[in-house]
Structures are given as C-alpha cells and as structure tokens.
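Have the viewer open and follow along.

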Amino acid sequence: MLETKQVDLLFADARTLYDDALEMLDQGRLRNAAEKAWCATKRATDALILARTSTEPRTSGQTARMLQQLRRQDPSLEQLRLQYGARQYFLHDRCFYDGILEPEDAIIADVRETIDYIRTAETMATR
C-alpha cells in the first residue's frame, strides 16, 4: 500500500515538474524549462521502476541502470530507455549544464513532449 502511494506521488511530482517546465517556457526561460522537463522525466521513470521492482532509485545513474535491467526482462521498455538517455543528454547535460540552447525549436518540442513520456511511463508501470 505504501509503495503504491509513493508511485502515485512520484507520478504527481513528474506532472507538477512538467507544469513548471511549461511555465518556464512561457517566461522565456528555456534553460530552466529544459531542466524541469528533465526532472519530470526522471521522476516518472523512478515511479515506473518503483512500481515494477519495489525499489526507488536515487540517482540518475541508478535510474538508467535499473531501467536497462527492466528492459532486459521486458523488451517493450526499449523505446522508453532510449528516450530516457536522450532526454538526459539533451535536456540535462547540454541545455542545463552546458547552456547550449540551440536549436531552440527542438528544445521547446522536447520540453512539451515530456507529457508523452510521463504518460508512457504511467502506462508501462501498470503492466
């Protein structure tokens, strides 16, 4: 019961972070929007992993490793695994840490498409 509640809280947090990302976009704060979208991605992935394994990862490295392990058991997670890695690289590393905010339209699309990632993770958590 407690585990299910934590999964729900993590997905709710992912959606809140996504809303924050959209707000940052509206304010023209692309770098911050990218980081909020990345954080939403990580929280949604953590929720999926918790739902499937009863273990909540703490770091993005743990999340990536655990998602890879899950993918070995369930090949349908491959697309999500690839998206996780790409989103970490583009939104977190390049945009936020390195400050590379080009091409702007691609970053905006990645931020907006975060909701699709969250929805997919929610669906995969229930399988």
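## Inside the core

Start at L48: setting aside neighbours within four places in sequence, L48 is in contact (heavy atoms within 4.5 Å) with F11, L67, L77, L80, A121, M124 and A125.

This is a predicted model, where local features need pLDDT of at least 70 and side-chain atom pairs count only at pLDDT 80 or more, while totals for chains, interfaces and linings use all residues. Residues are numbered from 1 along each chain as its sequence is written, and side-chain values use heavy atoms, with hydrogens and water left out.

L48 also shows up among the residues with the most contacts inside the largest nonpolar core, alongside F11, A44, V111 and I118; that core has 36 residues. Buried means under 20% relative accessible area, exposed means over 50%, and partly exposed is in between (1.4 Å probe, protein chains only).

Who supplies the residues? At least two come from each of α1 (2-26), α2, α3, α4 (78-97), α5 (104-112) and α6, and α2 gives the most, with 11 residues. Helices here are DSSP runs (H or I, at least four residues), numbered from the N terminus. As background, nonpolar side chains tend to be buried together in soluble globular proteins.

## E56, tucked into a loop

E56 sits in the loop between α2 (30-53) and α3 (60-73). Is E56 buried or exposed? E56 counts as buried because its relative accessibility is 16%.

Its side chain makes a polar contact with the side chain of Q6, at 3.2 Å. For a polar contact, think of a pair of N or O atoms within 3.5 Å; within protein, one must be able to donate a hydrogen and the other to accept it, and residues adjacent in sequence count only if both atoms are side-chain atoms. Leaving out neighbours within four places in sequence, E56 is in contact with Q6, L10, R43 and L50.

## D116 on α6

D116 lies in helix α6 (residues 114-125) and is partly exposed, with a relative accessible area of 41%. D116 and T41 are 75 residues apart along the chain, and their C-alpha atoms are separated by 9.9 Å.

How values were computed: Core = buried A, V, L, I, M, F, W, Y, C linked by side-chain atoms within 4.5 Å.
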